[in-house]
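Have the structure open as you read.

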Amino acid sequence: MRIYSNISPFRHSVFIAILSLLLFLLSTSTQAQTFNAFVIDVDGGYAGMKEGMGATAGMRLGYGMRYKHFVFRLGTGMAYDYNNTPMPDNSEILPAIDSEQIEYLRHSNYTKRVDITHKTELQAYLLMGGEWEYFYFLIGCTPAWTVYGTTTINAQIQVYGDYDMFYDPFMNMPNHGYTTKPYHSDPIAIPTSMALYASAEMGVPLGEYFQIGAFADYPVYATATQNYRVGLRLTAWFGKFKKKHEPCRCLLDSYLPYNY
């Protein structure tokens, strides 16, 4: 009985120490915070193609989740693009009849042509990546649908008439419409089209609820000519951290001596 009374408390203490260590490790491994949030971002930057230049602006709404260093985002939004695209000179030759019912060829030469395009896209996005104290990154894809768009042609137009019975063409005759003047077309509707962009973003967290970073969208598939976009994006997270439940300590408490 004397030996049992000396060894039993030692075994009891070792068991409690090991159990406490296991519960501590389990607790620290299950206390990782998950951040579920409603996410809003706004962006602006450059939109372009091989020729010309433009600007873009957008706003998106969605869901965001952060778990340890993993970041996931899913949502939808709108993007507006403006493009100013120089075009090569071109000419049109059409048969026509003048005011005296004489047939001739009407020449129209377009120079200094610039196409002004306004376009609005409906977008969806799926992004995932990582976030640390001073850096985050996201990669993914952005399907998009052009829901509205117009193009206006601005140019300098020279019009003259070519008659078979005259050696020289008729030029600089405003009363006959043969002039050189600025030309502005009516807005031409852009057909609805689809595109798939490869998307990337990287930047810095501004505390727990804001991020600012640089983004890029590049079209990898499109049913019509699409812009690539680069710019800056500000993101706000509206949510709260959720901790997993603390591990039950009843087992530990049951082994503690009553007079401990």
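Which strand gives the largest share of the lining of the largest pocket? That share, three residues, comes from β5. The model is predicted, with local features needing pLDDT of at least 70 and side-chain atom pairs pLDDT 80 or more, while totals for chains, interfaces and linings use all residues. Residues are numbered from 1 along each chain as its sequence is written, and side-chain values use heavy atoms, leaving out hydrogens and water.

**The largest pocket**
- About 400 Å³ of space lies in this pocket (an open set of points on a 1 Å grid, with protein on both sides within 12 Å along at least five of seven lines; lining residues have an atom within 4 Å of a point).
- Among its 16 lining residues, Met49, Thr117, Thr151, Ile190 and Thr225 are the closest to the centre.
- The lining has five nonpolar, nine polar and two charged residues.

**Thr117**
- Thr117 sits in strand β5, residues 103–131.
- Its relative accessibility is 15%, so Thr117 counts as buried (under 20%, with a 1.4 Å probe and protein chains only).

**The cavities**
- The largest cavity has a volume of about 60 Å³, and β2 supplies the largest share of its lining, four residues.
- The second largest cavity holds about 40 Å³, with Arg60 and Asp217 among its lining residues.

Definitions and conventions: Helix = DSSP H or I, 4+ residues; strand = E, 2+ residues; numbered from the N terminus. Buried < 20%, exposed > 50% of the residue type's maximum accessible area, 1.4 Å probe, protein only. 1 Å grid on protein atoms, 1.4 Å probe; cavity = no way out; pocket = protein on both sides within 12 Å on 5 of 7 lines; lining within 4 Å. Points joined across faces, edges and corners; volume = space filled by probe spheres on them. Nonpolar A, V, L, I, M, F, W, Y, C, P; charged D, E, K, R; others polar.
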